Amino acid sequence: MTKHALQKDPLNAIITGVGGQGNVLMAQLFGRALTDKGFAVTVGDTYGAAQRGGPVSSHLRISKQTLYSPLTPSGQADIIISLEPVEALRVLGGWGNPGVVVLSNTRPSYPFDVTSGGADYPALADITAAAGELAQKTLFIDASEIALEMGAPVLTNTIMSGLAVGLDLFPITADDFIAVLKNQFDDKKFNLNHSAFQKGLDLAASNKWSN
């Protein structure tokens with residue numbers, strides 16, 4: 001993706017995770033940044049469970065001028081960004097195609113049936129291998145580890161946002177997204193989120209797509 005250029009119309013992105021990870025806010029911030037750049041954007045959320053810990057996906061459909069229906073049609077995602085690795089596979093199963101790119105955090109969020117011993121959670125190597133077979137390009141990064149080092153696990157979504165912008169997944173610049181962060185948060189929270197976003201940009205500069 002070239003900055004400021006929309007290579008496909010509509011560009012269909014899905015930001016996914018589990019309840020409490022902040023992917024809905026992440027999608028809203030991208031939506032605002034894209035709208036500020038003059039794009040027509042619709043955002044739609046889907047919830048697998050109405051509680052913290054259930055799967056949540058936010059669909060962004062981005063166009064030069066057309067407002068599309070909010071949910072991406074099956075098999076037509078161009079970008080999948082996941083804050084949880086198994087959720088990346090789940091969304092790939094419903095909306096993936098050979099041309100999709102997948103960016104995912106590697107830190108798992110175990111559902112109740114796993115923590116209770118009723119089910120097994122797949123190994124990360126198996127998740128990344130499966131994603132690689134289903135997508136054109138993939139990148140799995142432990143953004144949660146960096147957020148923990150910063151003392152705030154909730155910053156995982158902001159780090160992933162910086163990574164996505166740094167990889168040119170959306171037709172916006174870092175400054176475009178930072179402006180939205182500035183409007184969203186008070187000074188203290190902005191400074192923290194700005195630092196997290198910059199760490200995401202740095203990750204983009206030092207990592208390459210798989211496949």
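This is a predicted model: local features need pLDDT of at least 70, side-chain atom pairs count only at pLDDT 80 or more; totals for chains, interfaces and linings use all residues.

Student: Okay. How many helices and strands does the protein chain have?

Tutor: Eight helices and six strands. Both are DSSP runs numbered from the N terminus: helices are H or I with at least four residues, strands are E with at least two. Along the sequence the pattern reads β-α-β-β-β-α-β-α-α-β-α-α-α-α.

Student: What radius of gyration does the protein chain have?

Tutor: The chain has 16 Å, and that agrees with a compact globule of 211 residues, which would be near 17 Å. The radius is taken over C-alpha atoms, and the globule rule is 2.2 Å times the number of residues to the power 0.38. The C-alpha trace spans about 50 × 40 × 35 Å along its principal axes.

Student: And how much of the chain counts as buried?

Tutor: 49% of the 211 residues. Buried means under 20% relative accessible area, exposed means over 50%, and partly exposed is in between (1.4 Å probe, protein chains only). The chain exposes about 9600 Å², and carbon and sulfur atoms supply 51% of that. Those areas come from the Shrake-Rupley method with a 1.4 Å probe, and for residues only the protein chains shown count as cover.

Student: New topic: is α6 mostly covered or mostly open?

Tutor: Mostly covered, with 10 of its 11 residues buried. Among them are T156, N157, I159, M160 and L163.

Student: What follows α6?

Tutor: D168 does, and its phi is positive, near 60°. D168 is not a glycine, and it sits in the loop between α6 and α7. Most residues other than glycine have a negative phi, and most peptide bonds are trans. D168 is partly exposed, with a relative accessible area of 23%.

Student: Let's look at α7. Is F177 buried or exposed?

Tutor: F177, which lies in α7, counts as buried because its relative accessibility is 1%. Leaving out residues up to four places away in sequence, F177 touches L29, F30, A33, S161, V165, I172 and F197. A touch, or contact, means heavy atoms within 4.5 Å.

Student: What about A174?

Tutor: A174 is also found in α7 and is buried at 17% relative accessible area. Apart from neighbours within four places in sequence, A174 is in contact with V165, F197 and L201.

Student: Which strand holds V41?

Tutor: V41 lies in β2. Not counting residues up to four places away, V41 touches G31, L34, T35, L60, R61, I62 and L67.

Student: Last topic: how much space lies in the largest pocket?

Tutor: About 250 Å³. On a 1 Å grid over the protein atoms alone, a pocket is an open set of points where a 1.4 Å probe fits, with protein on both sides within 12 Å along at least five of seven lines; lining residues have an atom within 4 Å of a point. Grid points are joined across faces, edges and corners, and the volume is the space filled by probe spheres set on the points.

Student: Which residues lie nearest its centre?

Tutor: Of the 18 lining residues, V154, L155, N157, F185 and N193 lie nearest the centre. Helices α1 (23-36), α6 (156-166), α7 (174-184) and α8 (187-206) each supply at least two lining residues.

Technical notes. Residues are numbered from 1 along each chain as its sequence is written. Side-chain values use heavy atoms; hydrogens and water are left out.
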